[in-house]
Amino acid sequence: MKIGRLSLLKISAIAAGVTLLALIPWVFNPFYTTIAIIIGIHTIITVGLCLLMGYTGQVSLGQAAFYGIGAYISAILSLRAGLSPWLAMIIAAVTTGAFAYLIGRPILRLRGNYLAMATLGLGIITFIIFREADSFTGGLTGLSAVPYLSIAGFVFDTDRKYYYLVWVFTLLILIISQNIVNSRTGRALRAIRDSETAAESVGIDVPELKVRIFTLSAVYASIAGSLYVHYLTYVGPQPFDFLFSIRLLLMAVVGGLASIWGAIFGTAAISFLGDSLHGFGDLESIVFGFILMAIIIFMPQGLWVHFVAAYKERREKAGKMRQ
Amino acid sequence: MIISQFIQYFISGITQGSIYALVALGFTIIYSVTGIINFAQGDFVMLGGMFTYMFLHTFKLPLPLACILSVASVTVCGLLLERLAINPSKKASTVSLIIITIGASMFIRGVAGELWGKDPLPLPPFSGETPIPVLGAVIQPQTVWVLAVTLIFMLLFQLLLSRTLLGKALRACALNRRAAGIIGINVRTMSLLSFAMAAALGAIGGIVIAPLTLTSYDVGVMLGLKGFVAAAMGGLSNQAGAVAGGFALGILEAFGAAYISSAYKDAIALLIFFVFLLLRAKDLASAEAER
């Protein structure tokens, strides 16, 4: 990213965004800091899903599995083996990535419906393992007293401290993802999405690239899982079920499947909506199901991309009128 | 003793398997006519049981009438799903269609939870609970109902496909939608019909199994997934294969739960599916690409 090429408007928008982000824990009620931490963590997974689904055209309905694997490995290593949480986090990411790579090779040969069902099945199997393998995962009770993350004696044990840590990760991952999308690799991914045959014919190693992006999305989810578990200092199977995979899908869809920065918007919108619908029984499921259908039918690029496009169009019109 | 146990597991396997078979059949009908995998297929099964419970207990209707009305109601749900969500997005990609039917499934589940609560609901057995002894094992009368009803409707469906003009039109769409349209078959109507039939078959399965397994707003996900596993093993657009896949899965699962681990019962079915997918990934990929 070259600052010189960015318009003044963009720079001020970024500055405003960063300032707002930095101020959240000081301006708003502490409750919002907690929500913002969770939004940051979930955004990391959503971005991975966007890279995989929106840019490469491959479905995953089991992203919660990698989130969970990352969380459990991090918890078990730091709790039982006494490793530093940072080391646990790195080992978790590498292991999850290796697992995704190995399983991705055969699975990503499948397309469309089969791939969707295979990833859905993967998510359900891992959930069952989290729930049933008591000796490793603590079963339904889960594992508690997972240590906090710390740097040179500075312990991330309050919401405010953790908030900044999470958002540094989130923004870094968003920037990395944006750079991937803008790179040669990003163009290759979009080529695969539009036509695998055409992509192959111009020399793109389609199977390898698909597996790599699948692996990357799994590593993202694993990092998110580690961040989650060292924040709550507890892990149980419940957040990694099939419904969470679908909620991630919803977040990606609302932000726009092919939009990196939309992921923040989608994740935040669904988190707030979920919170305000909480306590109204199954209203959440009804509303979310409806949104999922309505967005894909009426604005398949996603709510965020739709708004941005509408805004740009209006500005262009206004610009022409001034001339 | 061992043999009677074996028979017992086998019976529970084919009972559960017949429901998987009905769900699988629903998948294949919609898939062969429209190329869509309907993730809400399992929810039709759930709705079948729920609507019957409602007509029976809330409206105090007699059981046979409640069953008929329930099938009719679920069929209407299938029609609405096709008209309101699938039809407006005909040109959408496979990924989009998957997301739409997932949304529909969530929506239906939410409405069901809202209407009927989260507790599992019972339906009365159709003809008492006196067990029938068979070779040292016992069969619940309801099991006989499940098997009989499943087989009858599968047979009726097969006859519809093979002996009627409508069946011919449906088969034509399954072979080649564009060609079917060119020779004057209304492909849109066939798509609508396929959703209606899949919904009705799902509802029937849900009604007959509910007295044995209870019915609950969230049974659809697992039933749908397993029905898909069965359909995929049978070849997705092959009706006979789907039915065979359903029974095979039910039996494997029953023995897996008995001899390996009941906690991992659902995982066993899915692992079988994985092995199958991995073995056949290449053929399946090219089959999808042709669509």
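Trainee: What do the side chains of A:Arg212 and A:Glu208 do?

Mentor: Bear in mind that this is a predicted model. The two side chains meet in a salt bridge, 2.9 Å from N to O.

Trainee: How far apart are A:Arg212 and A:Glu208 in helix H10 of chain A?

Mentor: Four residues, so about one helical turn separates them. A:Arg105 joins A:Glu208 and A:Arg212 in one network, through salt bridges that share partners.

Trainee: Is A:Glu208 buried or exposed?

Mentor: Buried, at 14% relative accessibility.

Trainee: OK. Which residue does A:Lys210 form a salt bridge with?

Mentor: A:Glu196, with the closest N and O atoms 3.1 Å apart. That pair links distant parts of the chain. A:Lys210 sits in helix H10 (residues 206-232) of chain A and A:Glu196 in helix H9 (residues 196-201), 14 residues apart.

Trainee: And where do they stand on accessibility: is A:Lys210 buried or exposed?

Mentor: A:Lys210 counts as buried, at 4%. A:Glu196 is buried as well, with a relative accessible area of 15%.

Trainee: What about A:Lys161, which partner does it have in a salt bridge?

Mentor: A:Asp157. The closest N and O atoms there are 3.0 Å apart. Both ends are partly exposed: A:Lys161 has a relative accessible area of 28%, and A:Asp157 is at 37%.

Trainee: How many salt bridges does the structure hold over all chains?

Mentor: It holds 12.

Trainee: Is B:Cys173 buried or exposed?

Mentor: B:Cys173 is buried, with a relative accessible area of 1%. B:Cys77, by contrast, counts as partly exposed at 23%.

Trainee: Now the interface. How many residues does the contact take from chain B and from chain A?

Mentor: There are 49 from chain B and 44 from chain A. Between them, the chains bury about 4000 Å², with 80% of it on carbon and sulfur atoms.

Trainee: Which residues in chain B lose the most area to chain A?

Mentor: B:Ile99, B:Met106 and B:Phe274. Together they make up 15% of what that side buries.

Trainee: How many salt bridges are counted between chain B and chain A?

Mentor: One. A:Asp282 and B:Lys118 meet in a salt bridge, 3.2 Å from N to O.

Trainee: Which elements of chain B give two or more residues to the side that touches chain A?

Mentor: Five helices of chain B: H1 (2-34), H3 (63-86), H4 (94-116), H9 (220-234) and H11 (265-290). H4(B) gives the most to that side, with 16 residues.

Trainee: Last one. How do the residues on that side of chain B divide into nonpolar, polar and charged?

Mentor: On the side of chain B that touches chain A, 36 are nonpolar, seven are polar and six are charged.

Conventions
Residues are numbered from 1 along each chain as its sequence is written. Chains are lettered from A and ligands numbered from 1 in the order in which they are written. This is a predicted model: local features need pLDDT of at least 70, side-chain atom pairs count only at pLDDT 80 or more; totals for chains, interfaces and linings use all residues. Side-chain values use heavy atoms; hydrogens and water are left out. A salt bridge is a side-chain nitrogen of Lys or Arg within 4 Å of a carboxyl oxygen of Asp or Glu. Buried means under 20% relative accessible area, exposed over 50%, partly exposed in between (1.4 Å probe, protein chains only). Contact means heavy atoms within 4.5 Å. Buried area is the accessible area (1.4 Å probe) that two parts lose on being put together, summed over both. Ala, Val, Leu, Ile, Met, Phe, Trp, Tyr, Cys and Pro count as nonpolar, Asp, Glu, Lys and Arg as charged, and the others, Gly among them, as polar.
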